[in-house]
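Reader: Please show me the model. Then let me ask about the ligand site and the helices.

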Amino acid sequence: MSIEVNPDWWKTLFDDVYLTTDARSVCNDDLTRREVDVFCELVPFRRQDRILDLCGGHGRHSLELCRRGYGCCTVFDYSHTLLERGQRGASKASCAISFVQGDARSTDLADGSFDRVMILGNSLGYVPDGESDLQILIEAFRLLVPDGWLLVDLTDGRQVKGRFSPNAWHEIEPNVVVCRQREIDGNRICAREMVLSKHTGLIRDKTYCVRLYEPEAIIALVRRAGYHDVRVHRGFRPHRGKGDFGFMDQRMLVTARKHQRK
Ligand SMILES: C[S@@+](CC[C@H](N)C(=O)[O-])C[C@H]1O[C@@H](n2cnc3c(N)ncnc32)[C@H](O)[C@@H]1O
């Protein structure tokens, strides 16, 4: 492995530059609408549901749900920058969404305070400790009401490994270029990302590493966290255009339920 990664990379990567480098996926309202269309087919959202958008970034899915009349969303994320951006967007759209900062492994939110918990846009696999994703899923379980639904949307590790490309770049209008060099290390993909302005030079040079899950592995992990009725739906490709969209291209959706109160 030649790409060295600070284990805490995920605490600083999700900033304003990320909103530019990943704008094709996370600042594209049409794409978010298509994603939410599919989520709503898989999970029965009801108007009065208390919905937690865990690792929700700047809350694009909550904003879209709110626009559709689901009025009680909470976005929880580690990134102050993304939460502030989300808060501004929600105020502009007159959506009463709560934005809460913290670590999804231990949120301090009350037991059983949500009817639906969503972990979307490939938000697992960041903390290097192998048990961290299990901790997040167990935390989501604690936060759900009995019979509540979990929805996880993450990259399909099998597909990503099968179509692995060690180099990718794309231009962002009008003058920024994003270059990515990638390596596979077992179940992880590590990447170096350089962002360059054609006018002013280097904007960012950072590395990160994301754990990949194959369908069987994520099913097993979700079951270990206590859920039942775990289903995986593969082949989720919300992008319409051609291109290398990294972890946001080949995705799988996992639905699961918390048991009913005995
Ligand atoms: C790729 S972004 C996706 C954000 C959002 N779900 C979306 O689809 O736009 C991943 C997000 O997960 C958050 N995240 C990852 N691990 C986290 C943790 N342990 N606690 C809180 N947030 C976390 C990051 O801060 C980042 O905003």
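**Ligand site and helix packing**

Reader: What should I know about the model?
Author: This is a predicted model, where local features need pLDDT of at least 70, side-chain atom pairs count only at pLDDT 80 or more, and totals for chains, interfaces and linings use all residues. Side-chain values use heavy atoms, leaving out hydrogens and water, and residues are numbered along each chain from 1.

Reader: How far is a nitrogen atom of the ligand from an N or O atom in the side chain of Asp 103?
Author: A polar contact is a pair of N or O atoms within 3.5 Å. A backbone N or O atom of Cys 55 is 2.9 Å from a ligand nitrogen. For the side chain of Asp 103, the distance is 3.1 Å.

Reader: How are helix 3 and helix 4 oriented to each other?
Author: Helices here are DSSP runs of H or I, at least four residues, numbered from the N terminus. The axes, lines fitted to C-alpha atoms over the stretch in contact, cross at roughly 70° (angles run from 0 to 180 degrees between N-to-C directions). Angles of 65 to 115 degrees count as roughly perpendicular. Helix 3 and helix 4 are therefore roughly perpendicular.

Reader: Which residues in helix 8 meet helix 6?
Author: Contact means heavy atoms within 4.5 Å. Helix 6 contributes Asp 133, Leu 134 and Leu 137. Their partners in helix 8 are Leu 221, Val 222 and Arg 224.

Notes: Helices (H or I, at least four residues) and strands (E, at least two) are DSSP runs, numbered from the N terminus. A polar contact is a pair of N or O atoms within 3.5 Å; within protein, one must be able to donate a hydrogen and the other to accept it, and residues adjacent in sequence count only if both atoms are side-chain atoms. Angles under 35 degrees count as roughly parallel, over 145 as roughly antiparallel, 65 to 115 as roughly perpendicular and the rest as oblique.
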